[in-house]
Amino acid sequence: MRCISCEKLSFLIICKSCQEKYLEPSFHKREIDKNFFNYSFYALSDIEDLLNSKYYFYGDRIYNILAKLSFEKFAQNFDFQYKVYAIPIDDHTRHEFSHTAILTKHLQSKYIQAKTNCLKATNKVKYAGKNLKYRQDNPRNFKLSNLYNQTTIICDDLITTGATILEAKKVLKKKNNQVIFSLTLADAKI
């Protein structure tokens, strides 16, 4: 196989050299609600083509690399007084994988436990290219199952307006879950 970036022969879809050269994460913080923050690792413009791989059969390999470089490193340095559940936003399967479940899996650590298949959208509306008003007028209508009275982190691949994350937070809070922050690969406002 060849690296999708430099086209040199590689066992990985993105070779180690290109990972080190182009995919070094940096930590970004954005307040999306009063005293509620989203943390991300990349600017959308830096990895947009890679994020779009979720629509293709090979996307799981790319998401595993991105998650290992960012979410996994974050989890290794995360310290909390008790266990926190990482909740992927709408981890439905597309092309035999769920990109948000991959991200959440890489958060697994001493303090973080991945909890998949519990926050599902009942409205499959597409938000790509849509403004905040459209997103607010067409909510995802999340359904939460089997999660009560827990401390959580919301996980997604991208934050644009923050509407999806805030909707997910609201649903989690209705079942007495505390959401301490959200974590995304990329931020569209960086």
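Figure 1. Tyr39 and Phe181 are both buried, where buried denotes under 20% relative accessible area, exposed over 50%, and partly exposed the range in between (1.4 Å probe, protein chains only). The model is predicted: local features require pLDDT of at least 70 and side-chain atom pairs count only at pLDDT 80 or more, whereas totals for chains, interfaces and linings use all residues. Residues are numbered from 1 along each chain as its sequence is written, and side-chain values use heavy atoms, with hydrogens and water left out. Rings of Phe, Tyr and Trp (its six-membered ring) are paired if their centres lie within 6.5 Å; planes under 30 degrees apart are stacked, those over 60 edge-to-face, and the rest tilted. By this rule there are 13 aromatic pairs. The ring centres of Tyr39 and Phe181 are 5.3 Å apart and their planes stand at 90°, so this pair is edge-to-face. It links distant parts of the chain, 142 residues apart, with Tyr39 in strand β2 (residues 36-43) and Phe181 in strand β8 (residues 178-187). Helices (H or I, at least four residues) and strands (E, at least two) are DSSP runs, numbered from the N terminus. One aromatic cluster includes Tyr39 and Phe181 together with Phe27, Phe41, Phe71, Phe74, Phe78, Phe80 and Tyr82.

**Figure 2. Lysine charges over phenylalanine rings.** A charge is taken to sit over a ring if NZ of Lys or CZ of Arg is within 6 Å of the ring centre and within 35 degrees of the ring normal. The charged end of Lys29 sits over the ring of Phe37, 4.3 Å from its centre. The charged end of Lys169 sits over the ring of Phe36, likewise 4.3 Å from its centre.

**Figure 3. The open six-stranded sheet.** The strand order is β1-β2-β8-β7-β3-β4, with mixed pairing; two strands pair if DSSP finds at least two bridges between them. β1 (28-33) and β4 (112-114) stand at the edges with a single partner strand each, so one side of each has no neighbour in the sheet. From one strand to the next the twist averages 30°.

**Figure 4. Strand β3 and its two partners.** β3 (residues 84-88) pairs with β7 (residues 151-159) in the parallel sense over four bridges, and Pro88 has Cys155 of β7 as its bridge partner. With β4, β3 pairs in the parallel sense over three bridges, and Val84 stands opposite Ile112. Five of the five β3 residues are buried, so the strand is largely enclosed by the rest of the structure. Val84, Ala86 and Pro88 lie on one side, with Tyr85 and Ile87 on the other.

**Figure 5. The largest nonpolar core.** This core has 37 residues, and those with the most contacts inside it are Ile14, Leu23, Tyr42, Leu107, Leu183 and Leu185. A nonpolar core is a set of buried Ala, Val, Leu, Ile, Met, Phe, Trp, Tyr and Cys residues joined through side-chain atoms within 4.5 Å. Elements giving two or more residues include β2, α2 (44-51), α4 (71-77) and α5 (99-105); α3 gives the most, with six residues.

Figure 6. The 12 residues of α7 (residues 163-174) should span 16 Å at 1.5 Å a residue, and the end C-alpha atoms are 17 Å apart, which agrees. The expected span is 1.5 Å times one less than the number of residues. Among the buried residues of α7 are Ile165, Lys169 and Leu172. Asn176, which follows α7, has a positive phi near 65°.

Technical notes. Axes fitted to C-alpha atoms, helices over the stretch in contact; angles between N-to-C directions.
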